[in-house]
Amino acid sequence: MFSGFKVTMGSFKGHALPGSFFFIMGTWWAIKSILKYSCRKQKQTSYLVSKALFCRLEITEGIIIICMALTGMVGEQFIVGGPHLTLYNYKAGHWVQLLSWHHCTMYFFFGLMGMTNILCNTITSLPASLTKLMMANALFVEGFIFYNHTHGREMLDIFVHQLLVLVILLTGLITFLELFARSNLTLELLRSSFILLQGNWFWQIGFVLYPPSGGPAWDATDHDNIMFLTICFVWHYALTFIIVGMIYAFVTWLVKSRVNRFCPSEVGLLKNAEREQESEEEM
């Protein structure tokens, strides 16, 4: 099935795959947070966007996350030279592809998060905050795995993964804080920006360590490369804010235009009521 297609994390494709997953989910979570916020502000949108619609979106999101996790796990296990579900070779007396097992464990916990998302939106007795708890748990596990992922590697390899671990742990901390500050748009957008940054940085690691053009990899002992990557990391972070800002502008414009299109009379009445209230407050 995977003959001739190597997707290990120790390759460009192996970094592009999770990078694409995180970028897609970061973009979607930014859209969802801004959409909910805009709908709460626009009181006329209750008939356009209902709680049932958001519930269906959450279930669909959980299914997509599970599919992404399964794709990553299958790719890590059944590639050419992969462990093929073998953890220890008793005949040779050594562990089998532990790095692939690291990555499978990371994907597994995100799969659990997707499953929790589905259950919390289908079983009313489960608290909705359980999804955020599982997301924080998956991120902390990912950070722990990547922290212990680069022993014995070159200086440049260790540095780019250290920056990745920093982003992962910050994202997990912000997600954990969301448990105590529900429907906080600032925290949600900050989490989305860090998820986008994580996706971008996975791609950057792939270009640095495994150039897709087939050219030579970056000099792992050159300190100037580390100096540049420090700046490059901040540029990636600035790019995530630009992306989130564009999403915010587009979603808020879309919600307002839909409201004005479907109920212009109600919008006019609401604006008049708001003006009267403001004039009364001024008096």
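Me: What kind of model is it, and how is the numbering done?
Reply: It is a predicted model: local features need pLDDT of at least 70, side-chain atom pairs count only at pLDDT 80 or more, and totals for chains, interfaces and linings use all residues. Residues are numbered from 1 along each chain as its sequence is written, and side-chain values use heavy atoms, with hydrogens and water left out.

Me: How many salt bridges are there?
Reply: The count is 6. A salt bridge here is a side-chain nitrogen of Lys or Arg within 4 Å of a carboxyl oxygen of Asp or Glu.

Me: What about K32 and E58?
Reply: Their side chains form a salt bridge, 3.1 Å from N to O. K32 is in helix α1 (residues 12-41) and E58 in helix α2 (residues 51-77), so the bridge ties parts 26 residues apart in sequence. Helices are DSSP runs of H or I, at least four residues, numbered from the N terminus.

Me: And K32 with E61?
Reply: Also a salt bridge, at 2.8 Å, N to O. This pair links helix α1 to helix α2, 29 residues apart.

Me: Buried or exposed, K32 and E58?
Reply: K32 is buried at 10% relative accessibility. E58 is buried too, at 12%. Buried means under 20% relative accessible area, exposed over 50%, partly exposed in between (1.4 Å probe, protein chains only).

Terms used. Helices (H or I, at least four residues) and strands (E, at least two) are DSSP runs, numbered from the N terminus.
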